[in-house]
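Take a moment with the sequence and the 3D view before reading on. The text is meant to be read alongside them.

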Amino acid sequence: MTRFLKACRRWWLAVAIVGVGAAVLGASQMKLHSSGNAGSKDGGRASLGYLPAAKQAQPEEVAGVETVAVESTRANLTFAATGHLTADELSRVASNVSGIVAEVRVERGSVVAKGDVLVRIDPTDAQNMLNEGEATAEELRVKLMLDSPGATFDAEKLPEVRLARAALDLAKANLDRTAALYERKVETAEEYDKVRTEHLLAVFRDEQARHLAKQTYQSYLTVLTRITTLRKAVADTTIVAPFDGWVVDKHVEVGERISSGSSDNYVATLIRIDPLRLTLTIPQQDISRIREGQPVEFEVDAYPNKTFTGTVRYVAPAVADVGRSLTVEAIVPNKERLLKPGLFATARLQLEEQATELSVPASAVQQHGDAGRVFVVRDGTVREQIVSVGQTAGDRVQITSGLSANDLVVACPEKVREGVRIRK
């Protein structure tokens, strides 16, 4: 009986401890209200009640944030290719005459126009030969009794021809008279043969005089032709630029001797830099997309923020054995002479197919290489969006992926952050 009573007391004690714990736990959820105010209905007594639940934190709101719509346009597709710039023309300017270099008027890097003097060779020898030829021509002109270099030649005016003709006429008259006397048996056969031979000699002398006159006239024409050559030789002592271009190198100095027709007769190397040629390599699987007249845009490392343009003018008729690629050349205007032959270029050829292009202001993109970050406004809340960036044209950037045509982006992303709401 005593054991039973002790066990009951232990059980009731445990129940009491559990009850007190529950009461304390419940009290932690209750609030003691102070009623110390005179107007309190409870006469200043304290009362217990449950604490209200904590309010949920509201998202931050910002005002004055400018948003812009993603712009959608239809544009021609482009094809990317790489290449390099080459000179439209390259000429190793040579001397056509031999002589001593008297003057060099250009240096490496000189810009010249067509006809500008590059080098002068001492013209003394060439001028002396020209003077000699002109003197010979004048001597022959006088001998041929020509009033001017362009006068018509008439052999009958020459004294030699006229003398030969007179001698022939006299011999003919003597022959006719002697032949008549010989028929009447007045003259002997010996005398007749003598007169006949003199007439035959007179005929030969007349033909010879006319032949020599024509030969002299041909010599005169030959001298005139040689004078033309000699005049050109004098002119060739002044070596000029064959086209507008840039002097890449000069090969002679004052006092050196140049020998025409040899391998050391070059005086300067000249290239044409306006226009230039852009040589591109196209893989064989893409050659069907390339045609003459196609617009080309390209950039070079020397001018990273500038785009240059050209037009495809030449498409190779065959694919190269090495690499199975096609060579394409575009003509590039270069009036400002910014571009130089040899520069590497990254080009885009404009194709006939069109596609939709999306673009946003450059200020809306925080760009890192070919990727970028923009803040898109969806349901009034700013969301960060990673995008792929294409070409930059002026103050706009092409977006190749990550946005749609209906999106709104924050114009100045540095003013917002992820999750804020835009207050209208």
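This is a predicted model: local features need pLDDT of at least 70, side-chain atom pairs count only at pLDDT 80 or more; totals for chains, interfaces and linings use all residues.

Residues are numbered from 1 along each chain as its sequence is written, and side-chain values use heavy atoms, with hydrogens and water left out.

The protein has four helices and 22 strands. Of the 424 residues in the protein, 32% are buried. Here buried means under 20% relative accessible area, exposed means over 50%, and partly exposed lies in between, with a 1.4 Å probe and protein chains only. Among contacts with a separation of 6 or more, 71% join residues 24 or more positions apart; a contact means heavy atoms within 4.5 Å.

Helix α2 covers residues 124-143. Its 20 residues should span 28 Å at 1.5 Å a residue, and the end C-alpha atoms are 29 Å apart, which agrees. The expected span is 1.5 Å times one less than the number of residues in the helix. Which residues of α2 are buried? They are A126, L130, G133, A137, L140 and R141. Seen down the axis of α2, these buried residues fall within an arc of 105°, so they line one face of the helix. The arc is taken from the directions that run from the helix axis to the C-beta atoms. An α-helix has 3.6 residues a turn, so residues three or four places apart point the same way. On the other side of α2, D125, E132, E139 and V142 are exposed. The buried residues of α2 pack against α4. Just after α2, M145 takes a positive phi of about 60°.

E134 and V223 are 89 residues apart in sequence, yet their C-alpha atoms are 7.8 Å apart in space. Leaving aside residues up to four places away in sequence, E134 touches I227 and R231.

Helix α3 takes in residues 159-183. For its 25 residues, 1.5 Å a residue gives a span of 36 Å, and the end C-alpha atoms are 36 Å apart, which agrees. Buried in α3 are V161, A164, L168, A171, L175, T178 and A179. What covers these buried residues includes α4, residues 189-236. Just after α3, K185 has a positive phi of about 70°.

D236 lies in helix α4. Is D236 buried or exposed? At 19% relative accessibility, D236 counts as buried. Residues up to four places away in sequence aside, D236 touches N96 and V97.

I287 is found in the loop between β12 (266-283) and β13. At 29% relative accessibility, I287 counts as partly exposed. I287 and V315 are 28 residues apart in sequence and 9.4 Å apart in space, C-alpha to C-alpha. Not counting residues up to four places away in sequence, I287 touches I282, V319 and L326.

Rolling a probe the size of a water molecule over the atoms shows where empty space is left. On a 1 Å grid over the protein atoms alone, a pocket is an open set of points where a 1.4 Å probe fits, with protein on both sides within 12 Å along at least five of seven lines; lining residues have an atom within 4 Å of a point.

The largest pocket holds about 910 Å³ of space, the volume being the space filled by probe spheres set on the grid points, which are joined across faces, edges and corners. It is lined by 35 residues, of which E297, R348, Q391, T392 and Q398 lie nearest its centre. The largest share of this lining, seven residues, comes from β16. By class, the lining of the largest pocket has 10 nonpolar, 18 polar and seven charged residues. Ala, Val, Leu, Ile, Met, Phe, Trp, Tyr, Cys and Pro count as nonpolar, Asp, Glu, Lys and Arg as charged, and the others, Gly among them, as polar.

The second largest pocket holds about 190 Å³. Its largest share of lining, four residues, comes from β14.

How values were computed: Helices (H or I, at least four residues) and strands (E, at least two) are DSSP runs, numbered from the N terminus.
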